[in-house]
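Please open the model in your viewer and keep the selection tool at hand.

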Amino acid sequence: ANELTITGHRQVEPLPGEALFRESNNADYRRVFELDPAIDTSKVSARMDQGVLTLTLPKSERVKPRKITVE
């Protein structure tokens, strides 16, 4: 199966003063996504910018529509 696994660690920066309540904690995480068989896994790329992960999952050339000239 074509799977994409994303693992990471969330780290909460300490703030000055005393915290009364903290919404999130330091934690490891793991997510697994099943990829469509039409994805060309050799061309997958990832980019992190200001805490946002952007994945590019291009379709394989063999599944893209193609033009056929009719004579």
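Select Ser-60, which counts as buried because its relative accessibility is 11%; buried means under 20% relative accessible area, exposed over 50%, and partly exposed in between (1.4 Å probe, protein chains only). Ser-60 is found in the segment after E4, where strands (E, at least two residues) and helices (H or I, at least four) are DSSP runs numbered from the N terminus. This is a predicted model, in which local features need pLDDT of at least 70, side-chain atom pairs count only at pLDDT 80 or more, and totals for chains, interfaces and linings use all residues. Residues are numbered from 1 along each chain as its sequence is written, and side-chain values use heavy atoms, with hydrogens and water left out.

Which residues does Ser-60 contact, leaving aside its neighbours within four places in sequence? Display Ala-38, Ile-39 and Asp-40; contact means heavy atoms within 4.5 Å.

Not counting residues up to four places away in sequence, Asp-40 touches Pro-58, Lys-59 and Ser-60. Now show the side chain of Ser-42: the side chain of Asp-40 makes a polar contact with it at 2.7 Å. A polar contact is a pair of N or O atoms within 3.5 Å; within protein, one must be able to donate a hydrogen and the other to accept it, and residues adjacent in sequence count only if both atoms are side-chain atoms.

Return to the segment after E4 and select Glu-61. Is Glu-61 buried or exposed? Glu-61 counts as exposed because its relative accessibility is 54%. A C-alpha to C-alpha distance from Glu-61 to Arg-31 gives 27 Å, across 30 residues of sequence.

Leu-57 also has its place in the segment after E4, and counts as partly exposed, at 33% relative accessibility.

End at Leu-53, in strand E4 (residues 52–56). Leu-53 is partly exposed, with a relative accessible area of 37%. Apart from neighbours within four places in sequence, Leu-53 is in contact with Ile-6, Ala-46, Arg-47 and Met-48.
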